[in-house]
Amino acid sequence: MNVFLLEILPFVAVIFAISLLTALNPILAVLFLIAVFITVSAYLALLGLTFLALSYLIIYVGAIAILFLFVIMMLDIKLAELSSSGEEASKVYPVAFLIGTPFLWTLTGSPLFRGDTLYSWFDLTTLGIAHISDPSALQWTNLFAAFSNIHSLGVCLYTVYPLWLIYAGIILLLAIIGPIILCLDKTSGSTS
Amino acid sequence: MLLLSILLFSAVVPLTSVHMSTHVFNRLAILVLLYSSVLAWNMLYLEPIGVGLGIYGGLSHVTLLSQAFDTFILACASIILLLGSGVIPVLGQHGSWFEPIAKGRVAEYPLIILFTTLGMSSLVSSSDLVTLFLSIELQSLALYILATIYRDSEAATSAGLKYFIVGALSSSLILLGSCLLYGLTGVSSFEGVYLLCSMAVANSGIHLALVIIGIALLFKVAAAPFHNWAPDVYDGVPTIVTTWLAIMPKVAILAFLGEFQGFTHLGGVYETAYPIWPNILLVSALLSLVIGGLLGLAQYRIKRLLAYSTISHMGFILLALAIHTQEGIEAYLFYLVQYVLTSINIFFVLLAFGDHPYGSAWDTPSSAGFSLFDNAELPKNSPIRYISHISRNSNIQSNPALALTFAITLFSMAGTPPLLGFFAKLMVLYAAGHAGFFFLVGVAIMASVISAAYYLRVIRVIFFDTPQFTDTPTCRVRPNGNHSMVIGTITLLIILFIANPLPILNCLHLLALSLFYW
């Protein structure tokens, strides 16, 4: 079942992405964007990268995409203008194709680029310190105990690095207070 | 203590700001800062501090230097907060005109100040790249809010936005550099960096990471190739906030730089495996000296001029940092202390000029579209913006003592012999010459001579120019008690340093020794 889902989900994501590009209504487009994020995060969760999946859900879907949605809904744009701008946008597709294809090509590794995939640029072996973090050397530890991503991150964060958590908390407190200070209009809406 | 008081303040400010006067908060914040400064001072005498002590599992550390900087930063913060307490009674007396401010955001000002001070003191004692990033974020996020806190002024808002964008850029650069370092080596603590630096073989990826982190930190202190935002931001925001922006974050980051390169042995041109680090500092120092000296000549707005003078001071400090001999560190510490004191004094005097009965240090809403010869607004509204304003406000009859103080402080910044600034420059140049940087010494001397020209121009405007705006009645400038106390004390310190230089020098000498020989 999982394997089947892993096969299917990328295709669903790609279909959503294409419909995101072709959607004329911006609200629909943002909804498709959210759908792309959700499918990708499901894909990541199935791969076992639970933390990444959750952060996709919380940050992209929960905050950014919803923010986009609100902003677009608040902007008062006529639908006729939108459809005309959509037609203009469709002229960009060839350019997007031209830019996108080499990227895909390098990502998957083509003979055109002498076998250099994009991944290999970030490969540690080319930077000369492969022995420090060779992934194959670590895999036997999984035989003893396998934690999920979130579990191990949480254990780390709360036992070794609680100071950072506290700092992040203070920054968030400031981030809550700051906008209130900047936006509060005391002259009009007095509580007393 | 700081954290506790922040929590208390954030609970108390919204609850009681309707009933309580705003300067109660200000005074409380001053007391809090002073008390935490005393606490930090108390820590100085603990024996293990000298060796350096990792706290919170090695995520941050306490050394003699960090504690000394902590004490200094907190004390300076409380002095600068006095500015706010000086202004608020003025707001009270002339209530109607200042209504939007008096009702508005002054109550939150000390709260934000406490936040950024917390960020600074954790920055000074951070010993991990993530701690570094988090504390810089805490500090600068509060500063962005501080810059835009007077949101009715278009200039302040745009300056705040600019500050925000540049700050976000440099923060992301820090993140990028830390990511590279961590990705390449799996090391994020400074001890790990120290181990890397003491290896004989240098790695180009680590070079890149160090360059990126260094550039980001130079962005934050507005050193020369990355200085463009500083004059605009300083000019746009209200002068009280400028005082804070121009002094405190720079001290914190420079303190961190000194501590960082001392701790990880990155400093020094000859010893380290990564000479790229002192080289960045040297290049930046050279450019800061030249740009700060030359571009300051063309300024006619006083805060822009001070911004360029700040850049040229940054050049001296970075030069002293890059040398990283024991003399160099001593010179760097002394220059930093001197720079902070003289800048505080300059801004206090500047605000006192603007403080005459109908004026205030805060900008007026109309200051955005305020052209040089548009003096219709001038009688009421006198935050000092142009150099020519000073001659109107403070010509020598109106308050001779204040004008004299301003002149003395400017002379000290220019580096005229018997004053404090001269000795700072002398120490930096002496250390640089001793380490063999003769070209940079020459450039620094030239730059300081050139920059003396624009300080002297301001002095000429004060004492010799006829006032431009003779139609307005000159009213006597009377700074209030706190202001004049601070101005007087610092000015006396500047003048009388030569009489008894040993206490400061010995203290800094010991600090510099502790960085090298403990």
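This is a predicted model: local features need pLDDT of at least 70, side-chain atom pairs count only at pLDDT 80 or more; totals for chains, interfaces and linings use all residues.
Colleague: How do helix 5 and helix 6 of chain B cross?

Modeller: Axes are lines fitted to C-alpha atoms, for helices over the stretch in contact, and angles run from 0 to 180 degrees between N-to-C directions; helices are DSSP runs (H or I, at least four residues), numbered from the N terminus. Here the axes of helix 5 (residues 109-124) and helix 6 of chain B come within 8 Å and cross at roughly 155°, and the two helices are therefore roughly antiparallel (angles under 35 degrees count as roughly parallel, over 145 as roughly antiparallel, 65 to 115 as roughly perpendicular and the rest as oblique). The residues of this contact divide into 14 nonpolar, five polar and no charged, where Ala, Val, Leu, Ile, Met, Phe, Trp, Tyr, Cys and Pro count as nonpolar, Asp, Glu, Lys and Arg as charged, and the others, Gly among them, as polar.

Colleague: Which residues of helix 6 of chain B meet helix 9 of chain B?

Modeller: With contact meaning heavy atoms within 4.5 Å, Leu129(B), Ile136(B), Ser140(B) and Tyr144(B) of helix 6 meet Ile213(B), Leu217(B) and Lys220(B) of helix 9. The axes of helix 6 (residues 129-147) and helix 9 (residues 204-221) of chain B come within 13 Å and cross at roughly 25°, so these helices are roughly parallel to each other.

Colleague: At what angle do helix 8 and helix 11 of chain B cross?

Modeller: The axes of helix 8 (residues 190-197) and helix 11 (residues 239-263) of chain B cross at roughly 50° and come within 9 Å, which makes helix 8 oblique to helix 11. Phe190(B), Glu191(B) and Tyr194(B) in helix 8 meet Phe256(B), Phe260(B) and Phe263(B) in helix 11.

Colleague: How much area is buried between the two domains of chain A?

Modeller: Buried area is the accessible area (1.4 Å probe) that two parts lose on being put together, summed over both. Between domain 1 (2-132) and domain 2 (147-192) of chain A, about 320 Å² is buried, of which carbon and sulfur atoms give 69%.

Notes: Residues are numbered from 1 along each chain as its sequence is written. Chains are lettered from A and ligands numbered from 1 in the order in which they are written. Side-chain values use heavy atoms; hydrogens and water are left out. Domain bounds come from an automatic or database domain assignment.
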